[in-house]
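Me: I have a chain open on my screen and would like to talk through how it is put together. Can we start with the helices?

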Amino acid sequence: MNKIIITIVGEDKVGIVAKTCNYLAENNINILDITQTILQKYFNMMMIVDISKMNKSFDDMAADLAAIGEKIGVRILCQREEIFTSMHRL
């Protein structure tokens with residue numbers, strides 16, 4: 001399994017989850033775990049996904065999701081699980 005962490009942060013609006021999840025499904029990326037919070041008008045989502053069946057490179061996928069985020073006014077960041085884990089170790 002090849003896991004990555006996707007975080008989405010920005011002002012809440014219609015379509016954030018739909019556009020992100022549609023992209024994941026179209027690219028054979030499986031959502032393993034997901035959490036979402038809306039604090040007042042701010043949207044925050046974190047997903048752990050499996051990209052082992054994806055047919056493009058990690059860099060292309062990360063760029064595609066960042067572009068989707070830019071279009072809808074949020075920030076979408078993708079990190080490999082091992083990098084995310086080592087960055088957040090106490």
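Me: Which strands does helix α2 lie across?
Reply: Helix α2, residues 58-72, lies across β1 and β4, and runs at about 165° to β4. Axes here are lines fitted to C-alpha atoms, for helices over the stretch in contact (heavy atoms within 4.5 Å), with angles from 0 to 180 degrees between N-to-C directions. Helices (H or I, at least four residues) and strands (E, at least two) are DSSP runs, numbered from the N terminus.

Me: What should I know about the model itself?
Reply: The model is predicted, with local features needing pLDDT of at least 70 and side-chain atom pairs counting only at pLDDT 80 or more, while totals for chains, interfaces and linings use all residues. Residues are numbered from 1 along each chain as its sequence is written, and side-chain values use heavy atoms, with hydrogens and water left out.

Me: And helix α1, which strands does that one lie across?
Reply: Helix α1 (residues 16-26) lies across β1 (3-11), β2, β3 and β4, at about 15° to β3.

Me: In what order do the strands sit in the sheet?
Reply: The 4 strands form an open, antiparallel sheet in the order β2-β3-β1-β4, where two strands pair if DSSP finds at least two bridges between them. The edge strands, each pairing on one side only, are β2 (30-39) and β4 (74-80).

Me: How many bridges join β2 and β3?
Reply: β2 and β3 (residues 42-50) pair over 9 bridges in the antiparallel sense, and Leu39 stands opposite Tyr42 in β3.
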